[in-house]
Amino acid sequence: MQNNSTFNHQADIVNSAIRFINAWFKQSKAITDELNDFFILPGNKIIGKDVIIGRLKGVFGRSDEYVGGRYDIIDVNFELMNEGKGMGFVEGVAGYRDVIQKQSKIVSGPFKLYFALYNGSWKIVNIEFPGFSY
């Protein structure tokens, strides 16, 4: 792939991660904009975006709201491959207060969002995030 000097892959990955994290804190449907059509899990298991959306709705549905979301991005990495494809990740730590029936608990820990570049767009293909599980 020829590098287009006007396109900054690292910034694109970071901006997508920030949009995902902010949508998470707001429990927003916009979170789905950052997701790939399929996810690649350990053991080469592949699941569809619709399954991930269902899991996200389940996670969000258990809580009344998330309050005080904070995050720090610690590392960003990507590798461009042949035919305009690539792989990358953003990792860091995130935390928020999960409010359920006026009681709250702090949910925090490391996160890692895995990305794939396809058709000129970086999309999330795997999520490791505090409060989310497959």
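Me: At the start of helix 1, which backbone nitrogen does a side-chain oxygen of asparagine 8 reach to?
Reply: The backbone nitrogen of glutamine 10, to within 3.1 Å. Helices (H or I, at least four residues) and strands (E, at least two) are DSSP runs, numbered from the N terminus. This is a predicted model, where local features need pLDDT of at least 70 and side-chain atom pairs count only at pLDDT 80 or more, while totals for chains, interfaces and linings use all residues. Residues are numbered from 1 along each chain as its sequence is written, and side-chain values use heavy atoms, with hydrogens and water left out.

Me: Thanks! How far apart are the end C-alpha atoms of helix 1?
Reply: They are 26 Å apart, which agrees with the 26 Å that its 18 residues should span at 1.5 Å a residue. The expected span is 1.5 Å times one less than the number of residues.

Me: And which residues of helix 1 are buried?
Reply: Among them are His9, Ile13, Ala17, Phe20 and Trp24. Buried means under 20% relative accessible area, exposed over 50%, and partly exposed in between (1.4 Å probe, protein chains only).

Me: What do those buried residues pack against?
Reply: Helix 2, strand 3, strand 4, strand 5 and strand 6. Contact here means heavy atoms within 4.5 Å.

Me: How many residues are in the largest nonpolar core?
Reply: It has 32 residues, and Phe20, Trp24, Ile127 and Phe129 have the most contacts inside it. Such a core is a set of buried Ala, Val, Leu, Ile, Met, Phe, Trp, Tyr and Cys residues joined through side-chain atoms within 4.5 Å. Helix 1 gives the largest share, 8 residues.

Me: What does phenylalanine 129 touch?
Reply: Leaving out residues up to four places away in sequence, Phe20, Ile21, Trp24, Ala94, Tyr96 and Phe111.

Me: New topic: how many bridges join strand 5 to strand 6?
Reply: There are 7, and the two strands run antiparallel. Strands pair if DSSP finds at least two bridges between them. Alanine 116 stands opposite lysine 123 in strand 6. The hairpin has 2 residues between the strands, and asparagine 119 takes a positive phi near 55° there.

Me: Where does glutamate 83 lie?
Reply: In the loop between strand 3 and strand 4.

Me: Is glutamate 83 buried or exposed?
Reply: Glutamate 83 counts as exposed, because its relative accessibility is 68%.

Definitions and conventions:
A polar contact is a pair of N or O atoms within 3.5 Å; within protein, one must be able to donate a hydrogen and the other to accept it, and residues adjacent in sequence count only if both atoms are side-chain atoms.
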